[in-house]
Amino acid sequence: MTSRGPIDRHAAWQSLSAHADAMREVHLKELFSESDERHGHFSRRAAGLMLDLSKQRWRDDTLDKLLELARVAQVPEAIKRLLAGERVNRSEDRPALHTALRLPADACLEVEGEDIVPAVHRTLDHMATMVEKFLAGQWRGATGKAITDVVNLGVGGSDLGPLMVTHALADYRPRDVHRVEVHFASTMDGSQLADYLDRLNPETTLFVLSSKSFTTIDTLSNARTAKDWLMGHLVDGDGDHDLVMRQHFIGVSASPEKMSEWGISNANQLEFWEWVGGRYSLWGAIGLPIALTVGMDNFRALLDGAHAMDRHFASAELADNLPVLLALAGIWNVNFLDIRAHSILPYDGRLEYFASYLEQLEMESNGKSVTNDGEKVRYSTCPVLWGQLGPNAQHAFYQLLHQGTQAVECDFIAPMRRYDRVEDEATRKHLKSQHRLTLANCFAQSRLLMLGDEAIDDDGPRPSHKRYHGNQPSTTLLLDRLTPETLGALVALYEHKVFVQATIWDINPFDQWGVELGKKIATQTEQILASREGIDALDASSRGLIEAVWNAEGVG
């Protein structure tokens with residue numbers, strides 16, 4: 001890779017800055033008045049998705065300048081390096097090969113002399129064997145009863161990805177199989193887990209411990225509680241401790257030796273590689289809860305959809321490349337229009353957890369302030385992301401979007417078709433009517449954000465408290481249907497968007513040193529809380545908070 005220097009010193013960046021000065025006061029209603037073909041001109045399709053960028057505050061020359069910025073930032077070369085398995089994670093000196101997890105079995109990807117595809121598919125085949133056993137009712141607990149409930153113990157990427165996908169694809173549960181309910185517990189305070197332990201039967205409950213390092217305190221603290229719960233119910237004086245461990249625990253980690261030390265049998269260990277970041281990991285063994293919910297065929301379809309987006313990302317010209325265009329819209333808003341907030345608004349209840357998933361994907365990846373060369377960045381990087389289901393958010397924070405003082409970029413996401421699989425004709429007709437109402441709200445909200453008062457068809461002047469300025473940029477993403485394939489493509493689209501933006505900002509989207517430092521400080525603080533030693537080295541606020549806890553414990 002040749003050095004390009006700070007991106008904001010290049011002529012392409014400076015040209016965009018000057019262009020932004022001219023565009024800043026141009027209203028979206030003016031841009032739409034310039035051409036009836038704006039939607040078609042700024043929309044693209046790939047992998048079952050349609051990306052409409054016509055409501056972004058840009059013109060053709062804006063996009064031309066952004067594409068030139070991408071070329072200056074060496075985005076095409078970076079895409080090739082990522083997909084070829086080069087060491088794009090520079091601070092940890094390793095590849096970022098989440099895309100390899102969705103390569104077909106007949107593909108070949110040599111990384112430093114080794115074809116990694118066979119190992120990926122050995123793990124998928126191991127998963128498939130496990131899933132088949134569960135869904136056939138043949139995975140039995142220590143007392144011989146079939147497992148009916150699986151609790152995934154993980155946090156961050158080991159929780160948010162599988163949680164999001166299992167909820168999104170719940171319609172795709174296979175029929176005529178032994179039903180296994182999947183649950184998720186991530187909070188280290190034990191509140192989620194305690195609720196499950198109060199309701200579930202230890203004879204028919206299995207736990208999946210998902211942790212890349214197998215040292216994550218949140219996950220291991222929950223795992224110890226689960227282990228004690230099982231042993232307390234299933235092991236008496238003559239009970240078989242090893243049998244309980246073998247029949248009630250599965251481990252997913254890049255550290256097999258730590259899984260073995262904890263007591264998870266070799267047969268119940270699924271491989272996870274160091275070259276896959278946690279927030280990019282749902283495509284492999286971390287996706288076991290997904291496969292248990294939708295079956296292995298649908299899990300493989302999820303991979304196929306993501307791989308279709310990978311192929312598009314690798315081959316499409318920049319001007320037609322969905323992840324590149326989505327990334328450039330974000331760059332334009334953050335760096336040139338000074339829009340630092342981004343809301344994710346799905347109009348489908350199945351995507352309830354998608355905004356939470358993207359919060360981690362984007363802010364943990366690109367929430368960085370130092371370049372790959374160790375220099376402090378002189379421009380904004382990742383905006384603040386948040387979101388909620390659009391129909392609910394309309395009754396919550398849309399007031400700020402429409403009339404607040406903060407500029408916000410919005411992503412509206414919806415499937416074009418839904419409820420085709422409902423068998424009862426009358427029910428299907430009613431549900432399709434509800435879906436049309438949902439789409440009407442989705443399109444109306446983005447239109448109002450764009451046009452402001454001009455979107456409202458009424459007579460007479462409007463008082464100031466009823467005025468809508470509009471000119472809020474948004475993107476609309478339509479899926480043909482929400483299927484395993486299109487969901488896979490959607491997630492991969494955002495993964496690649498994050499990478500393109502990181503390339504332009506010259507930051508590393510694959511490390512998370514801020515998270516690691518937080519874990520280290522928390523461990524030290526916990527030791528002080530427990531031992532009551534070392535408090536004098538802390539700041540006054542931390543001392544006061546800890547002493548308040550000690551005093552409360554003394555009262556108790």
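**View 1. Gly330 is a buried residue of the predicted model.** The relative accessibility of Gly330 is 5%, so Gly330 counts as buried (under 20% relative accessible area; exposed is over 50%, partly exposed in between, with a 1.4 Å probe and protein chains only). Gly330 sits in helix H14 (residues 322-336). Helices (H or I, at least four residues) and strands (E, at least two) are DSSP runs, numbered from the N terminus. Gly330 is in contact with Glu409 and Gln501, leaving aside neighbours within four places in sequence; contact means heavy atoms within 4.5 Å. Val498 is 168 residues from Gly330 along the chain, yet their C-alpha atoms are separated by 9.8 Å. The model is predicted: local features need pLDDT of at least 70, side-chain atom pairs count only at pLDDT 80 or more, and totals for chains, interfaces and linings use all residues. Residues are numbered from 1 along each chain as its sequence is written, and side-chain values use heavy atoms, with hydrogens and water left out.

**View 2. Six strands form an open sheet with mixed pairing.** The strand order is S1-S2-S13-S12-S10-S11. Two strands pair if DSSP finds at least two bridges between them. Strand S1 (43-46) and strand S11 (384-387) are the edge strands, and each pairs on one side only. Neighbouring strands are turned by 15° against each other on average, direction ignored. Strand S10 (residues 341-346) runs parallel to S11, and four bridges join them. Ser343 has Trp386 in S11 as its bridge partner.

**View 3. Helices H15 and H18 lie across strands of the six-stranded sheet.** Helix H15 (residues 354-366) lies across S10, S11 and strand S12 (408-415). H15 runs at about 170° to S11. Axes are lines fitted to C-alpha atoms, for helices over the stretch in contact, and angles run from 0 to 180 degrees between N-to-C directions. Helix H18 (residues 425-451) lies across S12 and strand S13 (474-479), at about 160° to S12.

**View 4. The UniProt record places "active site" at Glu364, His395 and Lys519.** The entry is unreviewed; UniProt positions are given in the numbering used here, feature names are shortened, and annotations may be inferred rather than shown by experiment. These residues are spread over 156 residues of sequence and up to 36.4 Å between C-alpha atoms. Of these residues, Glu364 and Lys519 are in the lining of the largest pocket. On a 1 Å grid over the protein atoms alone, a pocket is an open set of points where a 1.4 Å probe fits, with protein on both sides within 12 Å along at least five of seven lines; lining residues have an atom within 4 Å of a point.

**View 5. Glu364 lies in helix H15.** Glu364 touches Arg279, Glu359, Asp511, Gln512 and Val515, not counting residues up to four places away in sequence. The side chains of Glu364 and Arg279 are joined by a polar contact of 2.9 Å. A polar contact is a pair of N or O atoms within 3.5 Å; within protein, one must be able to donate a hydrogen and the other to accept it, and residues adjacent in sequence count only if both atoms are side-chain atoms.

**View 6. His395 is exposed.** His395 lies in the loop between helix H16 (390-393) and helix H17 (398-403). The relative accessible area of His395 is 72%.
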